Amino acid sequence: MLKSVLIASAAALLASTTLAEARTLRLAYASNATPTKQAMTEFGELLSEKTDGELTVQFFPDSQLGGERELVEMVQSGLLDLTKVSGGLMESFSPIYGVFSMPYLFDDQDHFYKVMDDPEIMEPIYQSTADTGMIGLTYYDSGARSFYTAAEPVEGVDDLDGLKIRVMQSPTSISMVEMLGGSPIAMGQSEVYTSIQQGVLDGAENNEFALTIARHGEVAKYYSYDMHTRIPDVMLISKATFDSLSPEEQKAVIAAAKESTAFQKTAWGDAIAATKKEAEEEFGVQFFYPDVSEFQAAVQPMYDALQSEPEKYQVYEQIRAAAGD
């Protein structure tokens with residue numbers, strides 16, 4: 001009932017704010033790090049420039065129209081033109097995205113960028129949701145995800161034993177925490193703060209921005225750099241919207257999206273450093289650097305099991321091959 005009311009309210013808001021002069025594409029997103037918000041703004045500006053104002057973007061930021069799952073469903077239905085969501089959530093809509101939630105998949109940021117910028121790897125993934133009403137346009141860096149906790153730091157695998165850890169609504173993320181001895185709880189980002197505060201959760205896993213932008217550093221003071229995953233954010237467009245554009249407009253949308261990714265890359269590193277400093281100085285968060293080798297050993301059975309999923313395993317092999325190039 002609540003979900004239907006939310007969608008109806010969003011539909012009314014979208015209908016009341018649609019502009020008539022130029023074609024306006026409606027882009028909604030949940031809470032995000034500043035570099036990602038800036039990149040989406042850049043996308044809108046670039047698209048307007050490339051189409052001489054024939055296509056513009058109207059933004060509905062910070063969960064104004066709902067959480068990430070609701071936004072994806074709105075894009076699928078054509079109610080919304082564009083959204084930006086976590087690749088972890090996308091596993092629920094296309095299983096192939098689950099490969100990005102595999103722990104220790106990427107060696108480092110350079111390896112991550114090399115894979116994500118490779119159309120041979122990424123285009124089939126972006127197109128994997130076409131039959132369900134949407135396609136991927138580009139990615140944004142979402143950093144490395146690590147564990148952060150309220151009571152004690154995670155300095156080894158044993159420290160996760162029995163801890164209730166928030167994960168994204170991703171079967172692979174759930175399996176990872178189970179392998180590490182934790183008790184995964186899938187929930188939306190908006191619920192995490194109060195759940196940690198009330199003891200429903202012992203901690204969560206995310207990049208450093210969660211400590212400051214979502215203010216999780218107020219309730220979770222221990223951040224452990226195990227850096228288990230690098231899950232991209234993905235910009236999605238409704239297939240109905242994309243198909244309704246002229247070939248020239250489609251090219252402009254794709255080009256603006258890719259250029260906004262390049263813009264975000266340049267801003268990401270400096271923003272992470274500033275956020276870590278803010279978390280330490282203003283929130284009192286302590287940072288720890290555990291030996292990740294025992295974490296890697298603990299999740300190895302996930303890779304053994306991956307061989308039974310040929311589509312995912314093929315992408316995994318492509319990703320690992322890129323590390324050795």
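Colleague: What makes glutamate 205 and arginine 145 a salt bridge?

Modeller: Keep in mind that we're looking at a predicted model. In it, the two side chains meet at 3.0 Å, N to O. The cut-off for a salt bridge is 4 Å between a side-chain nitrogen of Lys or Arg and a carboxyl oxygen of Asp or Glu, so glutamate 205 and arginine 145 qualify.

Colleague: Why can we say that this pair ties together separate parts of the chain?

Modeller: Look at where the partners sit: glutamate 205 is in strand β8 and arginine 145 is in strand β5, so parts 60 residues apart in sequence are tied together. Both residues are buried, too.

Colleague: And how many salt bridges turn up by this rule?

Modeller: The count comes to 13. Another one joins aspartate 107 and arginine 320, at 2.9 Å from N to O. Aspartate 107 lies in the loop between α4 and α5, while arginine 320 belongs to helix α14, so this bridge ties parts 213 residues apart in sequence.

Colleague: Why is aspartate 107 called partly exposed?

Modeller: Its relative accessible area is 48%. Buried means under 20% and exposed means over 50%, so a value in between is partly exposed. Arginine 320, at 28%, gets that label as well.

Colleague: What separates aspartate 243 and lysine 239 along helix α10?

Modeller: About one helical turn, because they are four residues apart in that helix. An α-helix has 3.6 residues a turn, so residues three or four places apart point the same way. The side chains of aspartate 243 and lysine 239 meet in a salt bridge at 2.8 Å, N to O.

Colleague: How do you know that aspartate 226 has no salt bridge?

Modeller: The nearest side chain of opposite charge is arginine 145, and it is 9.5 Å away.

Colleague: What does the side chain of aspartate 226 make a polar contact with?

Modeller: With the side chain of histidine 228, at 2.4 Å. The limit for a polar contact is 3.5 Å.

Colleague: On to the rings! Why is the pair of tyrosine 222 and phenylalanine 288 called tilted?

Modeller: Their centres are 6.1 Å apart and their planes are at 45 degrees. Rings pair within 6.5 Å; under 30 degrees would be stacked and over 60 edge-to-face, so the rest count as tilted. Tyrosine 222 is in strand β9 and phenylalanine 288 in strand β11, 66 residues apart. Both are buried.

Colleague: What about tyrosine 223 and phenylalanine 287: what makes them an aromatic pair?

Modeller: Their rings are 5.4 Å apart, centre to centre, with 55 degrees between the planes, and this pair is tilted.

Colleague: Which lysine lies over the face of phenylalanine 287?

Modeller: Lysine 276, at 5.2 Å from the ring centre. The distance limit for a charge over a ring is 6 Å. Lysine 265 does likewise over tyrosine 113, at 4.6 Å from the ring centre.

Notes:
Residues numbered from 1 in each chain as written. Predicted model: local features only at pLDDT ≥ 70, side-chain atom pairs only at ≥ 80, totals over all residues. Heavy atoms only, no water. Phe/Tyr/Trp six-rings, centres within 6.5 Å; stacked < 30°, edge-to-face > 60°. Helix = DSSP H or I, 4+ residues; strand = E, 2+ residues; numbered from the N terminus. Buried < 20%, exposed > 50% of the residue type's maximum accessible area, 1.4 Å probe, protein only. Lys NZ or Arg CZ within 6 Å of the ring centre and 35° of its normal. Lys, Arg positive; Asp, Glu negative; His and termini not counted. Polar contact = N/O pair within 3.5 Å; in protein donor to acceptor, adjacent residues only side chain to side chain.
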